[in-house]
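Dear colleague,

Please find below the structure that I am handing over to you.

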Amino acid sequence: MNMGIEETLKSWLEQDGVTATVNTGLSAEQVASDEQTVFVSAENSDHRVGPLQMVMTKFIVTTPSHINEDDDGNAALQSHQDLSNQVRALVEGWDASSLRITFDSERSPDEFRGAFFVGEEPTVSDGGWLTTLSLNVGVFRG
């Protein structure tokens with residue numbers, strides 16, 4: 001049900017200059033463990049009234065702990081921070097970006113009605129760095 005939302009958000013990130021690999025949560029694509037990736041997930045939606053739905057989306061930025069053999073971890077961390085900042089700027093500033101235009105151009109059955117930046121959660125794992133950015137998106141279901 002939210003696959004169209006995920007694909008639209010993926011297109012939005014790519015059109016607005018995110019050069020890292022962008023995958024959707026429902027994608028069957030293989031993900032390389034040695035490169036930065038942004039996952040777009042729209043797992044939950046909540047019916048509000050009539051055709052209005054609130055879709056809870058997440059943008060998960062992942063970076064391996066070492067980008068190359070000579071990296072002591074500092075280059076990977078800096079690269080992760082740069083990509084996280086780029087995605088955060090888009091997600092926080094959605095009203096100034098092309099999100100509405102992307103929904104219209106993707107011919108999505110969903111009509112964009114607004115969005116609200118919920119927050120950010122950075123974490124560290126054995127394999128690298130993760131930053132999860134949450135955005136609630138309001139849509140009319142067509």
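How many aromatic pairs does a search of the whole structure find? The search finds two, where rings of Phe, Tyr and Trp (its six-membered ring) pair if their centres lie within 6.5 Å, and planes under 30 degrees apart count as stacked, over 60 as edge-to-face and the rest as tilted. Trp-12 and Phe-59 form an edge-to-face pair, at 6.1 Å centre to centre and with 65 degrees between the planes. This pair links distant parts of the chain, as Trp-12 belongs to helix α1 and Phe-59 to strand β3 (residues 52–64), 47 residues apart. Both Trp-12 and Phe-59 are buried, that is, under 20% relative accessible area, where exposed means over 50% and partly exposed in between (1.4 Å probe, protein chains only). Phe-103 and Phe-112 form a tilted pair, at 5.2 Å centre to centre and with 35 degrees between the planes; Phe-103 and Phe-112 are buried.

Two notes on conventions are needed here. The model is predicted, so that local features need pLDDT of at least 70 and side-chain atom pairs count only at pLDDT 80 or more, while totals for chains, interfaces and linings use all residues. Residues are numbered from 1 along each chain as its sequence is written, and side-chain values use heavy atoms, with hydrogens and water left out.

As to the overall fold, the protein has three helices and five strands, in the order α-β-β-β-α-α-β-β along the sequence. Helices (H or I, at least four residues) and strands (E, at least two) are DSSP runs, numbered from the N terminus. Of the 142 residues in the protein, 44% are buried. Among contacts (heavy atoms within 4.5 Å) between residues at least 6 apart in sequence, 59% join residues at least 24 apart.

Helix α1 (residues 3–15) has 13 residues. Its buried residues include Ile-5, Leu-9, Lys-10 and Trp-12. After α1 comes Gly-17, with a positive phi near 100 degrees.

The structure holds four salt bridges, each a side-chain nitrogen of Lys or Arg within 4 Å of a carboxyl oxygen of Asp or Glu. One of them joins Lys-10 and Glu-14, with the closest N and O atoms 3.7 Å apart. Lys-10 and Glu-14 are separated by about one helical turn because they are four residues apart in helix α1. Lys-10 counts as buried at 16% relative accessibility, whereas Glu-14 is partly exposed at 39%. Another salt bridge joins the side chains of Arg-88 and Glu-120 (2.6 Å, N to O). Arg-88 lies in helix α2 (residues 74–92) and Glu-120 in strand β4 (residues 110–125), so this pair ties together parts that are 32 residues apart in sequence. Arg-88 is buried at 18% relative accessibility, and Glu-120 is partly exposed at 34%. Glu-111 and Arg-113 also meet in a salt bridge through their side chains (2.7 Å, N to O).

Finally, Gln-36 lies in the loop between β1 (21–24) and β2 and counts as buried, at 19% relative accessibility. Its side chain makes a polar contact of 3.0 Å with the side chain of Thr-63, and a polar contact of 3.0 Å joins the side chains of Gln-36 and Ser-79. A polar contact is a pair of N or O atoms within 3.5 Å; within protein, one must be able to donate a hydrogen and the other to accept it, and residues adjacent in sequence count only if both atoms are side-chain atoms.

Methods
Expected span 1.5 Å × (residues − 1).
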